Amino acid sequence: MYRIRMLKSGNNETLSLNGISDQTYTIVALYMIIVGFLGVVLNAAAAFVLMTKIKSSSAQTHILFSLMVSDALCTAISTPFTIHANLTNSWNMGQNACAFYGFVTFSAGLSSIYHLLLLSTERFIAVVYPFRSERLLRPCNLNVSIALSWVLAIIVASMPFFGWSSYKIEGIGTSCAVDIFPNTINSISYSIFILLIGYVAPMCAIVFCNARFLKEVHRLTKNTGSSRTNAIGRRANAALIEEDKRLRKQMCFLVCTLILSFNMAWLPYAVITLFGLARGSPFDNLLICSIPSYFAKSYSVYDPVIYFILDKKFRSSLFRCLRKENRGQDRSNEVGDFQEMLDVPFVTVGEA
């Protein structure tokens, strides 16, 4: 069992043997309380709204619904462990709880990454290969892809249970993760494996798919505006061009925010993993190891904010869903600006 003896400094501030003060643990605990509350509430609210229209909605809605469920479950299960550990200044729940916590957070993180990859791939196929999209993006293929993202994440995260690396207490001693400071070939090989399959490969695929997607949307909006010049009046055509520009700006904002949030959460952890491979031993300042981990834990809050909370129609749709008198009505057409923004380019492709 992992325990930390406490010492008294000259100014009566309680310090652990690793130099971490009580105030630091308290701040981390408060941070995780906020992240846990927002992660559960926002993802649950988003999943609830999506569930009301998932039967008659686009592929993105199914993927987003699965993503929000994954983030909500991970936050609800793992956050109490972290809060308790920081309030007691140590991980005193045993190795089995440590392994369970590490497995849940790691598998959910991988699942989120693979869901974002699915979203990017779906947009890429629908816009770049519109004539193949109906066959490739059939509901059965989509459901299989979503299930595979969960299965792959669980398989990768469960490998330490079978002897390939291990889950250990990390950083300031209040959370658990895969050992990223290996000193054996076994641990080194797994660290390289998860770095490639959990960050480098998905990141490259996400950037590639979204870059091609934005390029194709740009081409389609230009062609749409020029091809209708003779069909409608100048004033109406100018309005269409302005709408196309607005759509393009929104798409650029969404894609850039998606990639930025992805890297804010996972790039620091990937860098620490690389340093761990190079050093083979922990840093002297254990906060350096913990800060990237807690950045990654906050990722569950980013997704609902990016996709829904920035959408005014989502908030109004949520309020309608919560009103008892409207729960029996069909709300399949209540799609927010961001969802419409994702669907409009696909309609444009069909008209081009």
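**Basis**

Axes are lines fitted to C-alpha atoms, for helices over the stretch in contact, with angles taken from 0 to 180 degrees between N-to-C directions. Helices are DSSP runs (H or I, at least four residues), numbered from the N terminus.

The model is predicted: local features need pLDDT of at least 70, side-chain atom pairs count only at pLDDT 80 or more, and totals for chains, interfaces and linings use all residues. Residue numbers start from 1 along each chain as its sequence is written, and side-chain values use heavy atoms, without hydrogens or water.

**α1 and α8**

Helix α1 (residues 22-51) packs with helix α8 (residues 287-297) at about 15°, their axes 11 Å apart. The pair is therefore roughly parallel (an angle under 35 degrees).

Contact means heavy atoms within 4.5 Å. Thr24, Val28, Tyr31, Met32 and Val35 of α1 meet Leu287, Tyr294, Phe295 and Lys297 of α8. Seven of these residues are nonpolar, one is polar and one is charged. Nonpolar covers Ala, Val, Leu, Ile, Met, Phe, Trp, Tyr, Cys and Pro; charged covers Asp, Glu, Lys and Arg; the others, Gly among them, are polar.

**α3 and α5**

The axes of α3 (residues 94-128) and α5 (residues 139-158) come within 8 Å and cross at roughly 145°. The α3 side includes Phe103, Phe106 and Tyr114, and the α5 side includes Trp150, Leu152 and Ile154. The contact has twelve nonpolar, six polar and no charged residues.

**α2**

Helix α2 (residues 59-87) has 29 residues and should span 42 Å at 1.5 Å a residue; its end C-alpha atoms are 42 Å apart, which agrees. The expected span is 1.5 Å times one less than the number of residues.

A kink of about 35° lies at Ser78, shortly before Pro80. The bend is the angle between axes fitted to the seven residues ending at a residue and the seven starting there. Just after α2, Asn89 has a positive phi of about 65°.

Methods
Helices (H or I, at least four residues) and strands (E, at least two) are DSSP runs, numbered from the N terminus. Angles under 35 degrees count as roughly parallel, over 145 as roughly antiparallel, 65 to 115 as roughly perpendicular and the rest as oblique.
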